[in-house]
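The sequence and structure come first.

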Amino acid sequence: MKLKSFKKNKKLKTTLLSLGALALLGVGILIFRSYALYKETKSYNVLRGKIPDFSSGDIELAYTINGEKTTEAFPLKSSGYKVNSVTCEDGATAEWNIDSWGIVNITPNGAKKIKCNIDFKELTLIEYLKNLQSDELVEDDFGNLRYIGADPNNYVRFNDELWRIIGVMKDIENPDGRKEDKVKLIRNESIGIYSWDNKPSGTGSSTNLYGSNDWSDSTLQKVLNEGAYWNRTSGSCPSGEKGATKTCDFSSIGLIEEAKGMISESIWNLGGSDSIGKTPKEYYTLEREQQYQVGDQQHGQGE
């Protein structure tokens, strides 16, 4: 019985040893193959799988961002970059296809290996929004891109706070007369309750106890563009009538210097109408004009 038992154990040990040898062999092959692949792609930023089959030889791709070499991951189509240029060595040429997000139309130069560099450039916010495919971002009748819906995904970080993008406004006029597209933002949370304007009657454009609707000399406009909010400090803000004020503190939520540098001076017309029942398009058209419509009459801004 012991002899039979010994034979069974010997057979079992032989089987285990065979399986172990096969496992070690498999691990060895895997390590060798991994090392071989590593050696094959060890050169700087060699990319595979983004190029078509090419029978003339190997293709090596490197990439830079804004002209600088980087070790960051290859920029994805949705990562906020565009291809600024594709340059190849020794007379070879290639193009970048935006839709497939890869190299196309490669012209060989006779070399065994074609080396090309792709330079990515960060999109501006306007470029990013114009390229963005979203059902929540639509073009209105005036060529402006606007976010729509009850709660669109239009959040952006500005002034170290959460703001929301209203849209890309087309052909906004600068003080020097130039027109350009600009992004319009609104703060996600209110900065407080203050009077739009409360200059006493006869002061500036004010014609009553509660000021006027002329933004150019509004008391709140002064706070936001040159006062406590602009300087990220505390001070007095308009409240009530006859030029009354109340204490306001923007020392933690006012504008930081970086945010100030991103704000552009723009001309916004002050047109409008006292009529009701007009369409949104009609009201927007009137707002973009320099006159205010009272009934069927047109009046200048100062009137």
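This is a predicted model: local features need pLDDT of at least 70, side-chain atom pairs count only at pLDDT 80 or more; totals for chains, interfaces and linings use all residues.

## Nonpolar cores

A nonpolar core is a set of buried Ala, Val, Leu, Ile, Met, Phe, Trp, Tyr and Cys residues joined through side-chain atoms within 4.5 Å. Here, buried means under 20% relative accessible area.

The largest nonpolar core has 17 residues, and those touching the most other members are Trp 96, Ile 103, Ile 118 and Phe 120. Two or more residues of this core come from each of strand 1 (58–65), strand 3 (81–88), strand 4 (93–97), strand 5 (102–107) and strand 6 (113–122).

The volume of the second largest pocket is about 390 Å³. Its lining is made up of 15 residues, and Lys 77, Tyr 81, Ile 98, Leu 123 and Asn 131 lie nearest the centre. Strand 3 and helix 2 (125–131) are the elements that give two or more residues to this lining. Strand 3 gives the most, with three residues.

By residue class, the lining of this pocket contains eight nonpolar, four polar and three charged residues.

Four strands make up an open sheet with mixed pairing, in the order 2-1-6-3. Strand 2 (68–69) and strand 3 are the edge strands, each pairing on one side only.

Two bridges join strand 1 and strand 2, and the pairing is antiparallel. Ile 65 has Glu 68, in strand 2, as its bridge partner.

Notes: Residues are numbered from 1 along each chain as its sequence is written. Side-chain values use heavy atoms; hydrogens and water are left out. Buried means under 20% relative accessible area, exposed over 50%, partly exposed in between (1.4 Å probe, protein chains only). On a 1 Å grid over the protein atoms alone, a cavity is a set of points where a 1.4 Å probe fits but cannot get out, and a pocket is an open set with protein on both sides within 12 Å along at least five of seven lines; lining residues have an atom within 4 Å of a point. Grid points are joined across faces, edges and corners, and a volume is the space filled by probe spheres set on the points. Ala, Val, Leu, Ile, Met, Phe, Trp, Tyr, Cys and Pro count as nonpolar, Asp, Glu, Lys and Arg as charged, and the others, Gly among them, as polar. Two strands pair if DSSP finds at least two bridges between them.
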